[in-house]
Amino acid sequence: MEPVNDHPSTERKIRLEPLKVEDFPLIRPWIEPRVFRIFHEPVDNAQLKRLLTKYESGRPQSLGLRIVRTSDEQLIGVIHSTIDWKNNLAHVGQIVLGDLMHRNAGFKVEGLMREATRIQDGYVSWYSMSILEEEWKDQS
């Protein structure tokens with residue numbers, strides 16, 4: 001029998017799962033090469049494969065994760081991060097959202113890098129955000 005959650009407000013709003021090649025058609029329109037300079041037009045599967053999890057010596061060196069909204073099981077975004085095993089941390093390089101609800105997932109804004117990236121017709125600002133392992137676990 002499955003455990004019952006008596007406190008619906010503590011249910012996770014999102015779930016992270018491994019990114020799959022089958023997700024590429026949905027996430028392709030979210031990728032803006034002018035902003036994410038690791039991509040170029042047209043964004044194809046070969047480029048998107050860079051976002052998948054990569055292993056070295058049996059350990060993940062980078063993680064490609066899909067963000068799923070638990071209320072309707074909809075894919076709403078993608079996270080790509082690299083893992084620093086020596087310091088026991090992960091650095092999130094890209095968060096690509098098709099739905100802006102990710103701000104409510106427990107991440108804290110640590111700073112705004114205003115006009116950090118120049119694009120053809122202007123600049124893009126970046127937020128530096130983080131969540132500690134304890135904060136993530138407290139959400140469940």
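Entry 1: The model I am reading is a predicted one. I then followed the two strands themselves: β6 covers residues 108-119, and β7, residues 122-130, pairs with β6 in the antiparallel sense over eight bridges. Between β6 and β7 I find two residues, and the two strands form a hairpin.

Entry 2: I next asked which residues make the nonpolar surface patch. The residues are V109, L112 and Y127, and I note an area of about 280 Å² for the patch. L112 is placed in strand β6, and with a relative accessible area of 41% I record L112 as partly exposed. Since a patch residue must have over 30% relative accessible area, I take the value of 41% for L112 as clearing that cut-off.

**Entry 3: the largest pocket.** I turned to the largest pocket, which holds about 1600 Å³ of space. Its lining counts 39 residues, and those closest to the centre of the pocket are I79, V92, I95, F107 and M129. Which element supplies the largest share of this lining? I find that β5 does, with nine residues. At least two lining residues each come from β3 (59-69), β4 (74-84), β5 (89-97), β6, β7 and α3 (133-138), and I note that β6 and β7, the strands of the hairpin, are both among these contributors.

**Entry 4: salt bridges around R15.** I counted five salt bridges in the structure, and I began with R15, which is partly exposed at a relative accessible area of 28%. The side chain of R15 meets that of E17 in a salt bridge, with 2.7 Å from N to O. R15 also forms a salt bridge with E73, where the closest N and O atoms lie 2.4 Å apart. Because R15 sits in strand β1 (residues 14-18) and E73 in the loop between β3 and β4, this pair ties together parts that are 58 residues apart in sequence. E73 is itself partly exposed, with a relative accessible area of 47%. Widening the search, I found a network of salt bridges that links R15, E17, D23, R66 and E73.

**Entry 5: R69 and D72.** I looked up one further pair, R69 and D72, which form a salt bridge with their closest N and O atoms 3.1 Å apart. Are the two partners buried or partly exposed? R69 has 17% relative accessibility and therefore counts as buried, the cut-off for that class being under 20%, whereas D72, at 40% relative accessibility, counts as partly exposed.

**Entry 6: the chain as a whole.** Last, I stepped back to the overall layout of the chain, in which I find three helices and seven strands. Read from the N terminus on, the order of the elements is β-α-α-β-β-β-β-β-β-α. I also looked up the buried share of the chain, and of its 140 residues 31% are buried.

Conventions: Residues are numbered from 1 along each chain as its sequence is written. This is a predicted model: local features need pLDDT of at least 70, side-chain atom pairs count only at pLDDT 80 or more; totals for chains, interfaces and linings use all residues. Side-chain values use heavy atoms; hydrogens and water are left out. Patches are made of residues with over 30% relative accessible area and no salt bridge: like charges are joined within 9 Å, nonpolar side chains (Val, Leu, Ile, Met, Phe, Trp, Tyr) within 5 Å. Accessible areas come from the Shrake-Rupley method with a 1.4 Å probe; for residues, only the protein chains shown count as cover. A salt bridge is a side-chain nitrogen of Lys or Arg within 4 Å of a carboxyl oxygen of Asp or Glu. Helices (H or I, at least four residues) and strands (E, at least two) are DSSP runs, numbered from the N terminus. Buried means under 20% relative accessible area, exposed over 50%, partly exposed in between (1.4 Å probe, protein chains only). Two strands pair if DSSP finds at least two bridges between them. On a 1 Å grid over the protein atoms alone, a cavity is a set of points where a 1.4 Å probe fits but cannot get out, and a pocket is an open set with protein on both sides within 12 Å along at least five of seven lines; lining residues have an atom within 4 Å of a point. Grid points are joined across faces, edges and corners, and a volume is the space filled by probe spheres set on the points.
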